[in-house]
Amino acid sequence: MVILMLTSSVVLLLTCAAFFTYELTTFKEKAFQGLSTLGDVIATNSTASLAFDNESDATEVLSALKARPQIIAAALYDSDGKLFARYPAAFPADSFPRVPEHDGFRSEGSRLLGYMPVVQGDNNRLGTLLLESNKSAMYDRLTRYTALAALVMLVSLVVAYLLAAALQGHISRPILAMAETAKAISQRGDYSVRAAKIGEDELGLLTDAFNHMLGQIEEQDRAIRESHERLNLALKASGVGTWVWDITNSRMSWDEFTYPLFGVQPGAFAGTYDSFLALAHHDDRGRVRAEMERAGATSEAYESIFRVRWPDGTIRDLSARGKVLPGTTGQLSRMTGVFWDITERKRAEERMKGLVVELERSNKELELFAYVASHDLQEPLRMVSSYTQLLERRYSDKLDDDAREFIGYAVDGASRMQRLINDLLDFSRVSTRGRPLALTDVGEILGTVRANLGVAMEEAGAILTSGQMPQIVADAGQIGQVMQNLIGNAIKFRNGTGPHVRVQAVESESSWEFSVHDDGIGIEAEYFERIFVIFQRLHTKGDYPGTGIGLALCKRIVERHGGKIWVESKPHEGSTFFFTIPKRDHSGTA
Amino acid sequence: MAFLGRRSRAPRIARAVRTLFCVAFGLLLTDSPNAYGQSAPSREYQVKAAFLFNFTQFVDWPPAAFPEDTASLVIGVLGDDPFGPYLDDIVRGELVNSRRLTVRRFRRPEDIAACQVLFISRSQDKNLQKVLSQVKGNDVLTVSDADAFAARGGMIQLATENGKIRLKINVDAARASSLTISSKLLRSAEIVASRDD
């Protein structure tokens, strides 16, 4: 309404101003034109009076100017420039210029003067006419225009007001309704409010669009709330607290989950960056400040672990992550992130570290013990073995059958013990006496193994086949031990006579996978793990001789090389032992 | 001061007038042309000479009034010439409707030849009727300063009243010919009718 009225007023004012300006600029010209036209008439009518020296006639011609109130005075001069007749006749002659000036028009104060020639026939100059007019006509006209403009303005404003009042219902009401709705929403945050639709015109469409937008906002608002609640639940459950650091104003704001991480009540935290730093452990405080401020300055991701000291003296470990939020003006002014308590995890880690150290230490002791024990056990055992063998050789004819049988048991026991000790020594030497890893041809190793096992293979009628074997970086002696143990087992645990053993190698991206397949007695799935544990035997030594160390030794060797060993098997159908050796360059690193 | 044609001529006329003022102011209103002779016309006759010229500006002649298209407009002076060379000076070089102006003088009515304006001197007062009837129908503008000239059938009478020269025009006489007298000229003149005699 106000806009409508203002618009019409401004338009009218501008129009009037333009009109006035035009009038003012053209008035003088028009006035001169009017004067000139009038002068022409008077001059034409005066020719005879001048030609025939008839003053009274000239005076009478001039007196016709009475009809023109703007003409103040007029005068006729004869061809010699002498005043001939004047108007008004009552004016004294000396109030007129004594002689006429040059022809032309000029403005003098509030008067306009015009000197015009009086000519008869072909340029036959008879005299000069002077007309003097005041500008009151202009002022009269301007006054009239002003009055008219004021009237037009008034009428226009009234019409504009009436129109605006009439149109308000059509235009303003729907808009006001929408404005009311928007106000209600912004004040109460209730997005379910809708603007009333009035009419089916463009404003109706606008209202529909507005309501549709409200619907979308409501939906988004609901989604945000849900998401917020889910986030809150997650934060609550995880014990993660969020923070926002306003770098520009040095403020630190926390959510409800952050306060417990620092052991403070929400009211007890001042909310400043410094009060946050004050809660950091004094040994870590400098580092916390440096790390955060560097991240704030470089907008790199922030990640840190530091200790906080609760007001009650408790020391806790916190992990922190954050990132800089880009400011609207391109300035990096805010950083947001999360804190969470890692005290328990850290303690567990430390405990575990202690345990690992302890374990390694005891493992080493055990190895040393095993080595020392088996080494030192050999000497007395050799004594027992050699003297019982001596006894058997020298005195067998002097002993009865029972004594010979007993001595035979003693010799057998001593030799089994010898094997056991040798195996134990091998086992303990895997890590202590291993040779450096070097480029090794597995095919060559297999050849050696085939030769070592030649007698056993012949006895069993075994067939050993192998695929293409690669060169690998490994301890050749130990890989040979693994192969010999696995192939030996395959022959030992045969299913009847003529076992068939096949060795293969498959290359993968990072390692070689070797497999030793047999058609032997197979293993129950439940024992797949157990067979690799030292001294674990599935069979009595009566059925299959052995020390129970072989597969444990294989596992140890493969693990020393960084690989894995496992078995796939079905009872009575056969077993396949797999082991991997990671690829290395020649210097031995993976 | 009178209205003596173009400004370009004014200095010469003004000089003459000034001389006349000095010499003959006292004789201005005397009636006798003989008093100052032919070579020095009175101011009165200077004015009258100018009037004669001015009449050519306010009167239209039909083409038939001239013997040929390029013929001059002739101002004839019948009888004693009161203007002397003054009238010749005034009309010299002037053009009226592209016609040059010439002055011719006729001693007696029998001498009158083709002319468009005929000034009848007082000396011919007694022959007036004869002259008027002689030029009637020839589209001649008859002018005279003889008493009651207009009333006696002349067209324009130059009458002197209170020291000023006034025009008296017999419109009927003018209308009888094919001349057209400008309404402006009529307005500054007194209209008189023919006296029945």
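## Getting started

Helices (H or I, at least four residues) and strands (E, at least two) are DSSP runs here, numbered from the N terminus. By that rule, chain A has 13 helices and 17 strands, while chain B comes to 6 helices and 10 strands.

A word on the ground rules: this is a predicted model, where local features need pLDDT of at least 70, side-chain atom pairs count only at pLDDT 80 or more, and totals for chains, interfaces and linings use all residues. Residues are numbered from 1 along each chain as its sequence is written, and chains are lettered from A and ligands numbered from 1 in the order in which they are written.

## The two chains in outline

Let's start with burial. A residue is buried if 20 or more other C-beta atoms lie within 10 Å of its own, exposed if 12 or fewer, and partly exposed in between, with C-beta atoms placed from the backbone. Of the 590 residues in chain A, 23% are buried; for the 197 residues of chain B, the figure is 41%.

Next come contacts: two residues are in contact if their C-beta atoms, placed from the backbone, lie within 7 Å. Take the contacts between residues at least 6 apart in sequence: in chain A, 59% of them join residues at least 24 apart, and in chain B, 62% do.

## Where the chains meet

How many residues does the contact take from chain A and from chain B? It takes 21 residues from chain A and 24 residues from chain B. On the side of chain A that touches chain B, the elements giving two or more residues are helix H1 (2-51) and strand E5 (124-134). The largest share of that side, 6 residues, comes from H1(A).

The residues on that side of chain A split into 5 nonpolar, 9 polar and 7 charged. For this sorting, Ala, Val, Leu, Ile, Met, Phe, Trp, Tyr, Cys and Pro count as nonpolar, Asp, Glu, Lys and Arg as charged, and the others, Gly among them, as polar.

## Nonpolar cores

In soluble globular proteins, nonpolar side chains tend to be buried together. A nonpolar core is a set of buried Ala, Val, Leu, Ile, Met, Phe, Trp, Tyr and Cys residues joined through C-beta atoms within 7 Å. The largest one has 77 residues, and those with the most contacts inside it are Leu76(A), Leu52(B) and Val143(B). Helix H2 (residues 43-58) of chain B gives the most to this core, with 9 residues. Apart from it lies another core, of 40 residues, among them Ile445(A), Phe493(A), Phe532(A) and Val567(A).

Now zoom in on chain B. Leaving aside neighbours within four places in sequence, Leu52(B) is in contact with Ile75(B), Leu87(B), Val117(B), Phe119(B) and Val143(B). Leu141(B) lies in strand E6 (residues 141-144) of chain B, and counts as buried because it has 25 C-beta neighbours inside 10 Å. Met155(B) is 14 residues away from Leu141(B) along the chain, and their C-alpha atoms are separated by 6.6 Å.

Helix H8 (residues 343-395) of chain A has 53 residues, so at 1.5 Å a residue it should span 78 Å; its end C-alpha atoms are 75 Å apart, which agrees. (The expected span is 1.5 Å times one less than the number of residues.) H8(A) bends by about 30° at Gln378(A), with a proline, Pro380(A), following within four residues. The bend is the angle between axes fitted to the seven residues ending at a residue and the seven starting there. H8(A) is hardly covered, with 2 buried residues among its 53.

E3(A) pairs with strand E4 (residues 111-120) of chain A in the antiparallel sense over 5 bridges; strands pair if DSSP finds at least two bridges between them. The two form a hairpin with 2 residues between them, and Gly109(A) in the turn has a positive phi of about 60°.

Which residues does a cis peptide bond join? They are Tyr87(A) and Pro88(A), with omega about -5°. Pro88(A) sits in the loop between strand E2 (83-87) and E3 of chain A.

Ser299(A) has a positive phi near 55° although it is not a glycine, and is found in the loop between helix H7 (285-298) and strand E8 (302-309) of chain A. His572(A), not a glycine either, has a positive phi of about 70°. Is His572(A) buried or exposed? His572(A) counts as exposed, because it has 10 C-beta neighbours inside 10 Å.
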